[in-house]
Amino acid sequence: DRETSEVAAAAPETASFCCGDFRSLGLNESQAMSTHLVYLGLGANLGDRQGNISQALQHLRTQMVIEQVSSCYETTPMGYRDQPDFINIACAASTALSPQELLHFVKRVEQRMGRLATFRNGPRLIDVDILFYDDLVLDTPELTIPHPRMAERTFVLAPLAEIAPDIVHPVLGLTIAALLTKVEQQANDEG
């Protein structure tokens, strides 16, 4: 559809990270040798949702090489339901940022785009979540990787399964495709 094609045009499905690309990211050669594969989830439900996703991808490109972008998934809100539907995507990227640097960077992107602090599961112009960082398992007061609630959320798993169905969750030991099937089955059993 039109929305999906606009995001695909803004972020090509595949891009390679090769020797020359590190300079465009402001990295030196040794930093480029220590790049990390990250998976991010993006969502928006206020304003020009599609435009917000595309703009966020452009901002993210200043510190990473976007390698894959899923289709757009329109989803109903979770928790607080009296708000517009979301558009959600997942992307895979290479970055030289540490996990903490990546967290601070995505928060700056959200702020730059006008995201305001609201309440949990509230409406937002943009939301950028770190889903995976290599196969790292990290639990600090500031950051938990893998994302602590991703295995319960179809709106995270569906776009992620499109681009990385065989990635294994390092804590749960299941692939993204298996986690998605499990969440969909639970929803069918409850419905």
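Student: Which residues point one way from β4, and which point the other way?

Tutor: Happy to start there, keeping in mind that this is a predicted model. Phe86, Asn88, Ala90, Ala92 and Ser94 point one way from β4. Ile87, Ile89, Cys91, Ala93 and Thr95 point the other way, and all of these residues are buried.

Student: What makes strand β4 largely enclosed by the rest of the structure?

Tutor: Strand β4 covers residues 86–95, and ten of its ten residues are buried, so the strand is largely enclosed by the rest of the structure. The cut-off for buried is under 20% relative accessible area.

Student: Which strands pair with β4?

Tutor: Strand β1 (residues 36–44) pairs with β4 in the antiparallel sense over nine bridges. Strand β2 (residues 65–69) also runs antiparallel to β4, joined by four bridges. For β3 and β4, the pairing is antiparallel over three bridges. Two strands count as paired at at least two bridges, so β1 with its nine bridges, β2 with its four and β3 with its three each qualify.

Student: Where in β4 do the partners sit?

Tutor: Gly41 has Ala90 as its bridge partner in β4, while Gln68 has Ala92. Glu74 stands opposite Ile87.

Student: Why is the contact between Glu74 and Arg49 called a salt bridge?

Tutor: The rule asks for a side-chain nitrogen of Lys or Arg within 4 Å of a carboxyl oxygen of Asp or Glu. In this pair the closest N and O atoms are 2.9 Å apart, so the contact is a salt bridge by that rule. The pair links distant parts of the chain: Glu74 is in strand β3 (residues 73–75) and Arg49 in helix α4 (residues 49–60), 25 residues apart.

Student: Is Arg49 buried or exposed?

Tutor: Arg49 has a relative accessible area of 17%. Buried means under 20%, so Arg49 is buried.

Student: How many salt bridges are there by this rule?

Tutor: The count comes to five salt bridges. Another one joins Glu110 and Lys107, with the closest N and O atoms 3.3 Å apart. Both residues lie in helix α5 (residues 99–112), three residues apart, about one turn of the helix.

Student: Which residues meet in a salt bridge at 3.4 Å?

Tutor: The side chains of Asp127 and Arg124 do, at 3.4 Å from N to O. Both residues are buried. Salt bridges that share partners join Lys107, Glu110, Arg115, Arg124 and Asp127 into one network.

Student: How do you know that the bond between Ile145 and Pro146 is cis?

Tutor: Look at omega, which is about -5° for this cis peptide bond. Pro146 is found in the loop between β7 (144–145) and α6 (154–163).

Student: What is the phi of Asp134, and where is Asp134 found?

Tutor: The phi of Asp134 is near 50°, a positive value in a residue other than glycine. Most residues other than glycine have a negative phi. Asp134 is found in the loop between β5 (127–133) and β6 (138–139). At 34% relative accessibility, Asp134 counts as partly exposed.

Conventions:
Residues are numbered from 1 along each chain as its sequence is written. This is a predicted model: local features need pLDDT of at least 70, side-chain atom pairs count only at pLDDT 80 or more; totals for chains, interfaces and linings use all residues. Side-chain values use heavy atoms; hydrogens and water are left out. Helices (H or I, at least four residues) and strands (E, at least two) are DSSP runs, numbered from the N terminus. Buried means under 20% relative accessible area, exposed over 50%, partly exposed in between (1.4 Å probe, protein chains only).
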